[in-house]
Amino acid sequence: MNDQLRALLNRLNGKYGQKYGHLMDDWTSMLLEEIHENFAGLAAEIKICTQAIGEAQTKIKTSQRAVNFGSTREALFYALGITAPVAIAATIISILIFWYAYTEERFQKLRSIIDTYENVSDYVLLMQGGQVIERGGVNYLVLRPAPSKGNMMVGEDYIYDHKNKRVLVPLGRK
């Protein structure tokens with residue numbers, strides 16, 4: 001056996017023999033030393049973890065603040081002061097989203113009409129100036145015969161073409 005190893009074993013036997021008051025063999029003292037080294041490492045890790053937990057606990061306790069109220073009314077106004085701005089902002093955002101969706105839907109309907117009927121722009125003056133009435137669940141455009149002299153009004157007057165038996169409604173001048 002090596003002299004250094006023998007010296008180490010003698011020191012370990014002496015250390016544990018003195019500590020426990022019994023003479024030990026080489027294997028027992030080596031096992032006790034291994035156990036001591038492993039538990040010393042674990043004890044250091046536990047100490048570091050305990051310190052970290054203590055620091056986190058201190059940070060949590062210092063970041064909290066106790067609030068005491070004299071009455072329930074005071075507590076209510078405090079809570080409203082905290083939650084009301086968020087609730088108002090959420091309500092306004094919701095209203096804006098619904099308004100946008102509604103106007104987008106209307107825009108898409110109008111766009112589909114314009115895309116479907118290419119000459120819809122020719123009817124703008126008729127739509128602006130025309131009068132619509134309802135009779136028996138049917139909508140009618142109200143027109144009167146055009147005056148023989150003077151200006152014809154778009155959306156109000158018409159000319160009857162006897163030759164072709166049709167009604168001509170002015171849509172505007174080009």
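The model is predicted: local features need pLDDT of at least 70, side-chain atom pairs count only at pLDDT 80 or more, and totals for chains, interfaces and linings use all residues. Residues are numbered from 1 along each chain as its sequence is written, and side-chain values use heavy atoms, without hydrogens and water.

**Exercise 1.** Determine how helices α1 and α2 pack.

Step 1. Helices are DSSP runs of H or I with at least four residues, numbered from the N terminus; α1 spans residues 3–20 and α2 residues 26–63.

Step 2. Their axes (lines fitted to C-alpha atoms over the stretch in contact; angles run from 0 to 180 degrees between N-to-C directions) lie 9 Å apart at about 80 degrees.

Step 3. Because 65 to 115 degrees counts as roughly perpendicular, α1 is roughly perpendicular to α2.

**Exercise 2.** Find the salt bridge of R6 and place its partners.

Step 1. The criterion is a side-chain nitrogen of Lys or Arg within 4 Å of a carboxyl oxygen of Asp or Glu.

Step 2. R6 pairs with D26, with the closest N and O atoms 3.2 Å apart.

Step 3. R6 sits in α1 and D26 in α2, 20 residues apart, linking distant parts of the chain.

Step 4. The structure holds three salt bridges.

Definitions and conventions: Helices (H or I, at least four residues) and strands (E, at least two) are DSSP runs, numbered from the N terminus. Angles under 35 degrees count as roughly parallel, over 145 as roughly antiparallel, 65 to 115 as roughly perpendicular and the rest as oblique.
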